[in-house]
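This briefing covers salt bridges, a nonpolar surface patch and backbone angles. Please read it alongside the coordinates.

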Amino acid sequence: MITSKERRASKPACQIAPALRPGAHVVSPRAGYTHHGIYVGEGLVVHYRGLERGLRIGPIEAVPVDQFTRGRALRILDEASPHFEAAEIVQRARSRIGEDRYHVLTNNCEHFCEWCVHAEQRSYQVERLTYWLSTPLRLARSVRDHATQVRSLLTTGVSGFASNRRIHP
């Protein structure tokens, strides 16, 4: 039986797509999230290594495309309106090589790429996760608020009914 490690090893190295141009925001699937990087040309992607190699946090680095993808698919994000031209996106990505301030919720690979392309530190994955995690809390607050309103109506209604009974025999 072939193990998943052997299957990955038997796949050919990631081929650089003809549409891959310097300044492209690229992504590659991982277990439970999507990894982001900026293609800077010459077969290199600048990315926040972060938790890429287990629990050891790593810096922003330039790596070959096949190392970035780790045998997985490579997709180019369609950036309809980037804030910068491709050359400046590449320069911005390269300017942060060596930075070692990774934080999964506030400074991850997607935050880095969004900053390079759109001048905005943002992670849509983190936003979706926090929204999803906050849903039960929002539901609990809504139930609590509705219960308070019902209790208030019942209390007001009962005391109003009782006072009405005293006024009008």
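A residue is called buried under 20% relative accessible area, exposed over 50% and partly exposed in between, with a 1.4 Å probe and protein chains only. The model is predicted, so local features need pLDDT of at least 70 and side-chain atom pairs count only at pLDDT 80 or more, while totals for chains, interfaces and linings use all residues. Residues are numbered from 1 along each chain as its sequence is written, and side-chain values use heavy atoms, with hydrogens and water left out.

**Positive phi angles**

- Most residues other than glycine have a negative phi.
- Arg 70, which is not a glycine, has a positive phi near 55°.
- Arg 70 sits in the loop between helix H2 (65-69) and strand E5 (75-76); helices (H or I, at least four residues) and strands (E, at least two) are DSSP runs, numbered from the N terminus.
- Arg 70 is partly exposed because its relative accessibility is 37%.
- Ala 119 also is a residue other than glycine with a positive phi, here about 60°.
- The loop between helix H4 (109-118) and helix H5 (124-167) holds Ala 119, and a relative accessible area of 38% makes Ala 119 partly exposed.

**Salt bridges**

- The whole structure contains 4 salt bridges, each defined as a side-chain nitrogen of Lys or Arg within 4 Å of a carboxyl oxygen of Asp or Glu.
- Glu 127 pairs with Arg 122 in one of these salt bridges, with 2.8 Å between the closest N and O atoms.
- Glu 127 is partly exposed at 34% relative accessible area, and Arg 122 is partly exposed at 25%.
- A separate network of salt bridges with shared partners joins Arg 96, Glu 99 and Arg 101.
- Arg 96 is buried at 10% relative accessible area, as is Glu 99 at 13%, whereas Arg 101 is exposed at 59%.

**Nonpolar surface patch**

- Val 104, Leu 105 and Leu 129 make a nonpolar surface patch of about 240 Å².
- Patch residues have over 30% relative accessible area and no salt bridge; nonpolar side chains (Val, Leu, Ile, Met, Phe, Trp, Tyr) are joined within 5 Å, and like charges within 9 Å.
- Accessible areas come from the Shrake-Rupley method with a 1.4 Å probe, and for residues only the protein chains shown count as cover.
- Leu 105 lies in the loop between helix H3 (86-95) and H4, and is partly exposed at 43% relative accessibility.
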